2 protein chains.
Amino acid sequence: MNDHPIGIFDSGIGGLTVLKELQALLPQERLVYLGDTARVPYGTKSPETVCRYAVEAAAFLVNRGVKMLVVACNTASAVALPQLRERFRIPVVGVLGPGARAAVRHSRKGVIGVIGTEGTVRSGAYSRAILELAPSARVFAAACPLFVPLAEEGWARHRVAHLAAEEYLEPLRAEGMDTLVLGCTHYPLLKETLGEVLGPEVALIDSAQETALCVRQELRRCSLLRRGETLAGEFFVTDTPTRFERVGGAFLGQSLERVRQVDLDTLFG
Amino acid sequence: MNDHPIGIFDSGIGGLTVLKELQALLPQERLVYLGDTARVPYGTKSPETVCRYAVEAAAFLVNRGVKMLVVACNTASAVALPQLRERFRIPVVGVLGPGARAAVRHSRKGVIGVIGTEGTVRSGAYSRAILELAPSARVFAAACPLFVPLAEEGWARHRVAHLAAEEYLEPLRAEGMDTLVLGCTHYPLLKETLGEVLGPEVALIDSAQETALCVRQELRRCSLLRRGETLAGEFFVTDTPTRFERVGGAFLGQSLERVRQVDLDTLFG
């Protein structure tokens with residue numbers, strides 16, 4: 001039993017899909033969310049820069065006394081986990097491991113597709129994680145840079161999204177994949193469109209749900225579960241909160257209030 | 001006659017379209033370019049954050065002894081010019097004024113469309129600049145968040161770009177615009193697609209060329225023109241240079257070498 005909050009961070013609003021699953025699965029936990037909206041996105045930036053930003057975001061949450069860190073950003077999970085685990089003494093859960101495990105569990109043929117940002121795909125971290133669990137699997141990855149702006153634009157069900165999905169996924173389909181990892185926290189918003197393009201024979205893996213299950217397991221293992229009444233989440237952002245409240249509220253399907261701005265540059269610059 | 005360089009900054013690689021026009025028009029000038037690639041894009045961020053970033057970028061260039069500052073980013077031009085002019089004693093040229101003047105000069109009917117990032121459109125700065133020059137004009141603006149990733153993806157001539165352009169531009173066409181300002185330095189890459197969607201009756205205004213003309217005029221006016229042999233440009237970025245060299249080289253149509261990384265957070269944090 002531990003009353004401290006769980007800290008969740010993402011480059012922006014995408015990680016709210018993970019927060020939503022945590023709220024559903026662990027309603028008694030206190031959640032503190034940090035979106036690095038002044039420097040979003042991470043997906044086009046170098047591993048070095050993403051690591052620096054991730055360490056700063058994590059340090060902010062650790063300073064607030066969190067008992068566990070959830071890296072709700074695929075790019076940061078792909079490149080910064082070792083550094084975060086080395087630097088901070090609390091359990092650190094990323095979205096990449098849970099996604100990879102779920103993909104291996106779901107795939108019958110062992111032909112697995114991964115879609116994500118340029119940074120995630122370039123890192124090769126999903127391929128490594130999947131091949132460690134299933135050395136005979138075949139993994140094909142594709143960066144889909146248009147999916148984040150499509151989701152944020154509210155165009156997830158638009159013809160443009162459909163056409164972009166066809167274009168991005170064609171090479172993966174040609175390899176005969178039966179499972180596709182949605183390796184970016186924005187992508188669950190495109191699930192319907194992706195399902196239409198790929199048909200029912202391809203399983204779509206949403207790491208948000210898998211990550212929440214992994215967090216529960218880890219809290220149990222470390223005896224860190226909290227009991228008691230449900231509390232509202234706390235939200236921090238690095239840019240002014242206006243856009244986060246508007247777009248993030250639509251993302252989360254609940255209104256976001258009392259979002260506070262913090263300056264990581266000044267705290268750790 | 002002044003041997004000091006001209007400083008040009010943008011949130012990332014888009015401003016290279018302005019640098020290219022400056023190289024063509026003023027080949028004897030020394031150019032120093034700074035792309036804030038660790039924090040790109042500016043277009044989705046708040047005016048406060050964009051102003052802070054713009055001041056830091058400008059301070060870096062001013063510290064390098066530039067004789068003039070060119071803000072080759074529409075979002076920063078839309079929200080940060082007054083603050084930059086107040087803070088620094090050298091001439092500051094943005095891309096917005098030249099674009100607005102060219103639009104007014106080209107438009108016969110006075111019905112002018114403006115496309116740009118969310119931040120540029122939300123600021124209303126183009127409308128204000130155009131209406132100051134032509135109070136009877138009618139200005140219609142639309143944010144086109146997909147155009148930057150489409151340009152960077154190399155999809156400027158793709159069906160997806162065509163479909164997105166149709167969707168974004170339909171409301172502006174319905175108003176009968178005869179002139180469209182490409183109010184983002186990435187958009188000139190989509191010129192052909194935009195031309196196909198809009199037809200020859202709509203003039204496309206590319207601020208990069210207009211800005212270069214404005215810079216020459218301003219250098220003349222202040223007696224700051226340089227004479228002498230042509231020198232290679234200097235390039236700085238805030239993230240590691242790899243992606244800038246690759247995508248920026250394609251943008252500029254020339255290979256980018258000796259790009260150096262700087263850390264604005266540490267310099268001014």
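1. Strand β2 (residues 31–35) and strand β9 (residues 234–237), both of chain A, run parallel and are joined by four bridges. One of the pairings involves A:Gly35, whose bridge partner in β9(A) is A:Val237. Two strands are said to pair if DSSP finds at least two bridges between them. Strands (E, at least two residues) and helices (H or I, at least four) are DSSP runs, numbered from the N terminus.

2. The model is predicted: local features need pLDDT of at least 70, side-chain atom pairs count only at pLDDT 80 or more, and totals for chains, interfaces and linings use all residues. Residues are numbered from 1 along each chain as its sequence is written, while chains are lettered from A and ligands numbered from 1 in the order in which they are written.

3. The strands β2 and β9 belong to an open sheet of six strands in chain A, with parallel pairing and the order β4-β3-β1-β2-β9-β10. Its edge strands, β4 (92–94) and β10 (259–261) of chain A, each pair on one side only. From one strand to the next, the twist averages 20° (axes are lines fitted to C-alpha atoms, for helices over the stretch in contact, and angles run from 0 to 180 degrees between N-to-C directions).

4. Chain A is divided into domain 1 (6–94 + 209–268) and domain 2 (97–207), with bounds from an automatic or database domain assignment. Taken over C-alpha atoms, the centres of these two domains of chain A are separated by 22 Å. In chain A, 24 residues of domain 1 are in contact with 21 residues of domain 2; contact requires that the C-beta atoms, placed from the backbone, lie within 7 Å. On the domain 1 side of chain A, at least two residues each come from α1 (16–25), α2 (47–63), α3 (74–87) and α10 (207–221).

5. Where do the two chains meet? The contact takes 25 residues from chain B and 25 residues from chain A. On the side of chain B that touches chain A, α8(B) gives the most, with five residues.

6. A rotation of 180° with 0.0 Å of shift along its axis superposes chain B on chain A, with RMSD 0.0 Å. The superposition is by least squares on the C-alpha atoms of residues with pLDDT of at least 70 in both copies. The two copies are thus related as by a two-fold rotation axis. In chain B, the C-alpha of B:Arg39 is nearest the axis, 2.4 Å from it. The same surface serves both copies, as 100% of the contact residues of chain B recur in chain A.

Key: Contact = placed C-beta atoms within 7 Å.
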